[in-house]
Structure formats: C-alpha cells, structure tokens
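Take a moment with the sequence and the 3D view below. Then follow the chain step by step.

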Amino acid sequence: MKQTAMVIEINGDKATVEVERSSACAGCSKSHDCFACKKKIKVIAENTVGADVGDRVIIESPSERILGYAILVFVLPIVISFFAFFISDKLGLSEGLCIAVCALSLIVTLGIELPVLNKNASKKNTIKVICKE
C-alpha cells in the first residue's frame, strides 16, 4: 500500500511523517466539514531515501500486514462474541444473559487484543519511505 506523506521530523534513520486519510474519505460527500477527513495520521517510517523535514514523500507498507491487522481488529472480536453467545445459549442461559456474555466477550477481546497489536505493530515497523515527490 502506497501513500503520499509529509516529513515532519527526522530522528536518525527514521522519519515521522503525516499521512492524509485519502482512502477513508475518497467518497465522503462532506469532506470539507468532516473531522475524520481533515485528521492526519502520524507514523514513523524507515527513511531509506534520506528525506528531510518538509519533503513530500511516498511511503509504502505491505498490504497483507495491513489486511491482517484489519481482520484481527474487526473480524476476530465479532467471531469470538458470536461463539460466546452460542455457548451461552447451549448452556441454557436466558437471552439477556447470553447478550451480556456476548457483549462482555467483545469488550474483553478488544481490551486484550488492541494493546497487544499496538505493541507488536510498533515493534515491527515495516513502513518505508520509498521516494521523494
């Protein structure tokens, strides 16, 4: 996955860049008023081309890693919640308790999963500056 970014800080062989959320807001009808569209994301990338502060650059990250994180964050908690609901139902719990178990499993899964993924993602920085614009 390639995106355009602006270098805002250099620290050794790493560059902190700001990335606009272009793909998330491509079809947004209210992009001029939308907070999410105006928000920029800061990421640390490996500065393989010697970019300087203020340079517009192209950054790249492996698409399969991004897709894997998306599946883990969005799909896994839902699957676990459905499984928890199914097990609760088979145990003969009332519908209200089944829903409560389902919601609790969703919260616990996200509470465990997000910090672990965040820690692993920061250790495995695979974002690279591939060229200057």
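Helix H2, residues 63-90, gives the largest share of a nonpolar patch: 3 residues. The model is a predicted one. The patch lies on the surface and is formed by Phe83, Phe86, Ile87, Leu91, Leu93 and Leu97. Together these residues have about 600 Å² of accessible area.

Phe83 lies in helix H2. Is Phe83 buried or exposed? Phe83 counts as exposed, because its relative accessibility is 54% and the cut-off for exposed is over 50%. Leu97 belongs to helix H3, which covers residues 95-123. Leu97 has a relative accessible area of 46%, so it is partly exposed. Now follow Phe83 to another part of the chain. Phe83 and Cys102 are 19 residues apart along the chain. Their C-alpha atoms are separated by 8.1 Å.

Step back to the whole chain. What does its secondary structure come to? There are 3 helices and 5 strands. Along the sequence they follow the pattern β-β-α-β-β-α-α-β. The chain has 133 residues, and 23% of them are buried. Its accessible surface comes to about 9000 Å². Carbon and sulfur atoms account for 63% of that surface.

Next, the strands. In which order do the 5 strands close into a barrel? The order is S1-S2-S3-S5-S4, and the pairing is mixed. On average, neighbouring strands of this sheet are turned by 55 degrees against each other, direction ignored. Strands of a sheet pair through backbone hydrogen bonds, and they can be parallel or antiparallel.

Take the pairs one at a time. Strand S1 (residues 2-11) and strand S4 (residues 56-60) run antiparallel. They are joined by 5 bridges. Val17 stands opposite Val43 in S3. Then comes a parallel pair. S3 and strand S5 (residues 128-132) run parallel, with 2 bridges between them. Asn47 has Val129 in S5 as its bridge partner.

Stay with S3 for a moment. Lys40 lies in this strand, which spans residues 40-47. Lys40 counts as partly exposed because its relative accessibility is 43%. Leaving out residues up to four places away in sequence, Lys40 touches Glu18, Val19 and Glu20. Lys40 can also be compared with Ala5. The two are 35 residues apart in sequence and 9.6 Å apart in space, C-alpha to C-alpha.

Now move to a loop. Ser61 is found between S4 and H2. Is Ser61 buried or exposed? Ser61 is buried, because its relative accessible area is 12% and buried means under 20%. Which residues does Ser61 touch, not counting residues up to four places away in sequence? They are Met1, Ile66, Thr126 and Ile127.

Finally, consider contacts across the chain. Take those between residues at least 6 apart in sequence. Of these contacts, 73% join residues at least 24 apart.

Notes: Residues are numbered from 1 along each chain as its sequence is written. This is a predicted model: local features need pLDDT of at least 70, side-chain atom pairs count only at pLDDT 80 or more; totals for chains, interfaces and linings use all residues. Side-chain values use heavy atoms; hydrogens and water are left out. Patches are made of residues with over 30% relative accessible area and no salt bridge: like charges are joined within 9 Å, nonpolar side chains (Val, Leu, Ile, Met, Phe, Trp, Tyr) within 5 Å. Accessible areas come from the Shrake-Rupley method with a 1.4 Å probe; for residues, only the protein chains shown count as cover. A salt bridge is a side-chain nitrogen of Lys or Arg within 4 Å of a carboxyl oxygen of Asp or Glu. Helices (H or I, at least four residues) and strands (E, at least two) are DSSP runs, numbered from the N terminus. Buried means under 20% relative accessible area, exposed over 50%, partly exposed in between (1.4 Å probe, protein chains only). Two strands pair if DSSP finds at least two bridges between them. Axes are lines fitted to C-alpha atoms, for helices over the stretch in contact, and angles run from 0 to 180 degrees between N-to-C directions. Contact means heavy atoms within 4.5 Å.
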